[in-house]
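Please walk through the structure shown here, with attention to backbone geometry, surface charge and aromatic contacts.

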Amino acid sequence: KHFSFNVDGGRCDACKGEGEQTIEMQFLADVHLVCDVCGGKRFKEEVLEVRFKEKSIYDVLDMSVDEAIEFFSSPEPGTRNNDGADVAKKLQPLSDVGLGYVKLGQSSDTLSGGEAQRVKLASFLGKGKGQGNILFIFDDPTTGLHFHDIKKLLASFNALIDQGHSIIVIE
């Protein structure tokens, strides 16, 4: 709970882990100010002092998925110790479905509908073969995607099929 800004414990008490304080204006739009206690970092100082490879939880959550995979997959400088390899492996399905640009600490309500669907797809890819066989139905999954992203999506579909699932695509 100390590394979650969703519950009491490690989150900043002043802003409740939002990183900003809202001032309600009666007849105008609300004003959002960076929290003056945590400086927008969302956590208490004692939590921010905890480091992994010289990065705090704020620094890690500010990384994109691709940056985090690179950060966690490399061994600590000067050692062969790679304590982050498991984290990198768990993040890889997000990159595989084309979400490498998303920040780890990004709120889920800021994702587009297509991005949210790809997060769900990545969760199934990350589970592996031990979840039984599932029928997936996709309706226009390539709408608005660049050819590069379509290629990643098709690779994800093939990975689901390799895991024993079935896919119906309406395009």
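**Loops, charge and aromatic pairs**

Asp140 is partly exposed, with a relative accessible area of 36%. The model is a predicted one. Asp140 sits in the loop between β3 (135–139) and α6 (147–162), and its phi is near 50 degrees, a positive value in a residue other than glycine.

Lys53 also has a phi near 50 degrees, again positive and not in a glycine. This residue belongs to the loop between α1 (45–48) and α2 (57–61). Lys53 counts as buried because its relative accessibility is 16%, and the cut-off for buried is under 20%.

On the surface, a patch of negative charge brings together Asp62, Asp66, Glu67 and Glu70. Asp62 is located in the loop between α2 and α3 (65–73); with a relative accessible area of 41%, Asp62 is partly exposed.

The structure contains six aromatic pairs. One of them, Phe52 with Phe72, is stacked, at 5.7 Å centre to centre and 25 degrees between the planes. Phe52 is in the loop between α1 and α2 and Phe72 in helix α3, so this pair ties together parts 20 residues apart in sequence. Phe52 is partly exposed at 26% relative accessible area, whereas Phe72 is buried at 9%.

The pair of Phe138 and Phe157 is tilted, because the ring centres are 4.6 Å apart and the planes stand at 35 degrees. Phe138 in strand β3 and Phe157 in helix α6 are 19 residues apart, and their pair links distant parts of the chain. Both Phe138 and Phe157 are buried. Together with Phe124 and Phe136, these two residues form one aromatic cluster.

Technical notes. Residues are numbered from 1 along each chain as its sequence is written. This is a predicted model: local features need pLDDT of at least 70, side-chain atom pairs count only at pLDDT 80 or more; totals for chains, interfaces and linings use all residues. Side-chain values use heavy atoms; hydrogens and water are left out. Helices (H or I, at least four residues) and strands (E, at least two) are DSSP runs, numbered from the N terminus. Buried means under 20% relative accessible area, exposed over 50%, partly exposed in between (1.4 Å probe, protein chains only). Patches are made of residues with over 30% relative accessible area and no salt bridge: like charges are joined within 9 Å, nonpolar side chains (Val, Leu, Ile, Met, Phe, Trp, Tyr) within 5 Å. Accessible areas come from the Shrake-Rupley method with a 1.4 Å probe; for residues, only the protein chains shown count as cover. A salt bridge is a side-chain nitrogen of Lys or Arg within 4 Å of a carboxyl oxygen of Asp or Glu. Lys and Arg count as positive and Asp and Glu as negative; His and the chain ends are not counted. The place of a charge is taken as NZ of Lys, CZ of Arg, CG of Asp or CD of Glu. Rings of Phe, Tyr and Trp (its six-membered ring) pair if their centres lie within 6.5 Å; planes under 30 degrees apart count as stacked, over 60 as edge-to-face and the rest as tilted.
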